[in-house]
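Hi,

Here is the structure I said I would pass on.

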Amino acid sequence: MFNTIRDTTHDWTLDLQAHRNTDVIYIDFKKAFDSVSHSKLLIKLPAYDLPGKLLTWLAEFLHNRSQIVKLNSCYSHRVHVISGVPQGSVLGLTLFLLFINDVADLFVDINISCKLYADDIKQYSCINTTLSQDHLNYAINKLYEWSNVWQLQITVDMFCL
């Protein structure tokens with residue numbers, strides 16, 4: 001996280017010193033850790049060249065999972081789980097980051113900076129031309145398309161600054 005903050009602050013300071021405007025978009029995924037599709041995560045994992053046994057172990061870890069809810073002394077019925085990574089664990093965070101890591105690749109061909117931290121994304125760009133604005137709009141659309149394909153809903157809260 002420190003490098004992300006340092007890099008972002010550095011970029012914004014350079015723009016400020018050059019009297020350039022910077023537009024920033026903060027994006028949060030709705031129930032991100034709960035929404036990671038196991039089948040789609042398993043599609044992405046081989047791209048990381050994980051050793052075969054580790055890949056097999058992760059596939060078995062995600063396969064055929066179920067959960068039960070306990071409230072006081074009452075238990076719910078067992079429910080089959082097809083999405084979600086364990087929260088509060090190193091493995092859960094790692095699996096989530098492996099799932100979302102390719103989102104930065106969406107913006108390599110345009111002048112948009114993208115910083116990831118857990119389930120948050122920060123996109124920003126120095127806006128000095130109409131083309132810069134178009135790039136930021138393009139980036140937002142690309143991220144929206146990516147989120148639909150990979151089934152991570154973007155949190156939409158309207159607010160004014």
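**The hairpin and its sheet**

Strands S6 and S7 make a hairpin with two residues between them, and Ala118 in the turn has a positive phi of about 55 degrees. Before going further: this is a predicted model, where local features need pLDDT of at least 70 and side-chain atom pairs count only at pLDDT 80 or more, while totals for chains, interfaces and linings use all residues. Residues are numbered from 1 along each chain as its sequence is written, and side-chain values use heavy atoms, with hydrogens and water left out.

A word on terms: helices (H or I, at least four residues) and strands (E, at least two) are DSSP runs, numbered from the N terminus, and two strands count as paired if DSSP finds at least two bridges between them.

S7 is mostly covered, with seven of its eight residues buried. Buried here means under 20% relative accessible area, exposed means over 50%, and partly exposed is in between (1.4 Å probe, protein chains only).

**The core**

Which residues touch the most other members of the largest nonpolar core? They are Phe29, Leu41, Phe96, Phe107, Ile121, Leu143 and Trp146, out of 29 residues in that core. At least two core residues each come from H2 (32-35), H4 (52-62), H5 (90-100), S7 and H6 (130-149). H5 gives the largest share, five residues. For the record, a nonpolar core is a set of buried Ala, Val, Leu, Ile, Met, Phe, Trp, Tyr and Cys residues joined through side-chain atoms within 4.5 Å.

**A pocket**

The second largest pocket has a volume of about 170 Å³. Pockets come from a 1 Å grid over the protein atoms alone: a pocket is an open set of points where a 1.4 Å probe fits, with protein on both sides within 12 Å along at least five of seven lines, and lining residues have an atom within 4 Å of a point. Grid points are joined across faces, edges and corners, and the volume is the space filled by probe spheres set on the points.

The lining of this second largest pocket includes His38, Arg65, His80 and Pro86. Strands S2 (65-67) and S5 (79-81) are the elements that give two or more residues to that lining. By type, the lining residues of the second largest pocket divide into four nonpolar, six polar and one charged (Ala, Val, Leu, Ile, Met, Phe, Trp, Tyr, Cys and Pro count as nonpolar, Asp, Glu, Lys and Arg as charged, and the others, Gly among them, as polar).

Asp49 lies in the loop between H3 (38-44) and H4. Its phi is near 50 degrees, positive although the residue is not glycine, and Asp49 counts as exposed at 69% relative accessibility. Gln151, in the segment after H6, also has a positive phi, near 60 degrees, and is partly exposed at 46%.

Thr155 sits in the segment after H6 too, partly exposed at 29% relative accessibility. Val108, in the loop between H5 and S6, is exposed, with a relative accessible area of 67%.

Cheers
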